[in-house]
Amino acid sequence: MNHLTFSPDVDDNQLIIAGKTAKEIAVIAGSTPCYVYDRKFIIERIFALKQQLPERLHLHYAMKANPMPALVTHIAGLVDGLDVASHKEMLLALASGMEARKISIAGPGKSNTQLTAAITAGVVINIESANELLNVQQLAQQLSKRAHVAFRINPDFEVKGAGMKMTGGAKPFGIDAETFKETFSLLDANYCHFVGFHIFCGSQLLAAPVLVDIYRQVFALAVKLAEDVGVVPEQINIGGGFGVPYFPQDKALDVAYVCQHLAQLIDDLPQCYQEVELHLELGRYLVAHAGTYLCQIRDIKHSREQEFWVCNGGMHHHLSNSGNFGQVIRRNYPVLLANKVAAEQQVQVNIVGPLCTPLDIVANNVALPQAQVGDYVAVLMSGAYGATASPQQFLSQGEVVELLL
Ligand SMILES: *Cc1c(COP(=O)(O)O)cnc(C)c1O
């Protein structure tokens, strides 16, 4: 078995996902390629996290990580809220049974259709600019309603550590911290109910002290901004950031450390913040491990010195695994031959998809057991930013099937 960042279920040399072999999953799906998500895994993941999170910190799911409807409904029953990034995601969140006030919608350039729907449904709108605030107020007035708004803040601090610079500077997201007071003065309480702040500083962080430092600054900023305008917020959404280890050199986030320090940060909030609702919004961390992308080998060929396995799936279904979803350096996700997990004899192979482009990579130069046409290739850690983060129409090869088992 090549280097994996977690131990998958293996029985009789077969990868087991949600109690089934790859072949069984392919039969259930009706075809490959497919994504399969393990519902029990998600339950365990969320329970394990909730046991460690400070009690006051509500856990929200950031739906864009994986908006498969059945999966969202499953997760909705396990978390305290849902964060959405579009009208369609908002409808899914409402359909999951989550209360509207526990749903928030973020993103720049929200349309009037989206905003009117959010105001009417009672969903919290994360305000991204002064213009958006004015627009929301006008729409709310026309509807004779009060919109629930949180101000998304673009912080003025920089995060130290690991040379990372994720916040501060010019961003299309949120209201610059230094202009908050001015923007807040535009708020018309007749049409907008100010619920609090949304401060999201970044994603896929694995260094616990860096993450804690971000949250420390986020809390401090929220308290300072609220003081500047003489209010106590009802809610503070401190964003997410919990990363997952995809690659052998990645070390898993020390969640116990983060939670312990979060508890301290919450204890240190001003006395008058005891009733303030605190939100943590995670996407990837909740779902990445629970998903597997399965495809089958269609051809095995040799070119010069190298062996290639050509599969029926690839970048059009799994852009992030191909290394084209914003990565600077491409690295292999954990990959297995699902129906022959281990073997004494390994071969060094390149696994590719069926698209006529060198970008269509499943895995580069990996050591795996010898394979035959028809064998199953499994890309693990594929539950986040998979199907919906991929260009499924590219080369018109067909869409991927998604299963929740
Ligand atoms: C994408 C996003 C998240 C989730 O990020 P993950 O890295 O998947 O946890 C959380 N909050 C906001 C505002 C986002 O845009």
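Modeller: This is a predicted model, in which local features need pLDDT of at least 70 and side-chain atom pairs count only at pLDDT 80 or more, while totals for chains, interfaces and linings use all residues. Residues are numbered from 1 along each chain as its sequence is written, and side-chain values use heavy atoms, with hydrogens and water left out.

Colleague: At what angle do helix H8 and helix H9 pack, and how far apart are their axes?

Modeller: Helices here are DSSP runs of H or I with at least four residues, and strands are E runs of at least two, numbered from the N terminus. Axes are lines fitted to C-alpha atoms, for helices over the stretch in contact, with angles running from 0 to 180 degrees between N-to-C directions. On that basis H8 (residues 208–228) and H9 (residues 255–267) pack at about 20 degrees, with their axes 9 Å apart.

Colleague: Is H8 parallel or antiparallel to H9?

Modeller: Angles under 35 degrees count as roughly parallel, over 145 as roughly antiparallel, 65 to 115 as roughly perpendicular and the rest as oblique. The angle between H8 and H9 is about 20 degrees, which makes the pair roughly parallel.

Colleague: How are H5 and H6 oriented to each other?

Modeller: The axes of helix H5 (residues 112–121) and helix H6 (residues 130–143) come within 10 Å and cross at roughly 60 degrees. H5 and H6 are therefore oblique to each other.

Colleague: Is Ser382 buried or exposed, and what is its relative accessible area?

Modeller: Ser382 is found in the loop between strand S18 (376–379) and S19. Leaving aside neighbours within four places in sequence, Ser382 is in contact (heavy atoms within 4.5 Å) with residues including Tyr35, Tyr37, His318 and Tyr333. Ser382 is buried, with a relative accessible area of 1%.

Colleague: How many residues apart along the chain are Ser382 and Arg284, and what separates their C-alpha atoms?

Modeller: Ser382 and Arg284 lie 98 residues apart along the chain. The separation between their C-alpha atoms is 9.6 Å.

Note on methods. Buried < 20%, exposed > 50% of the residue type's maximum accessible area, 1.4 Å probe, protein only.
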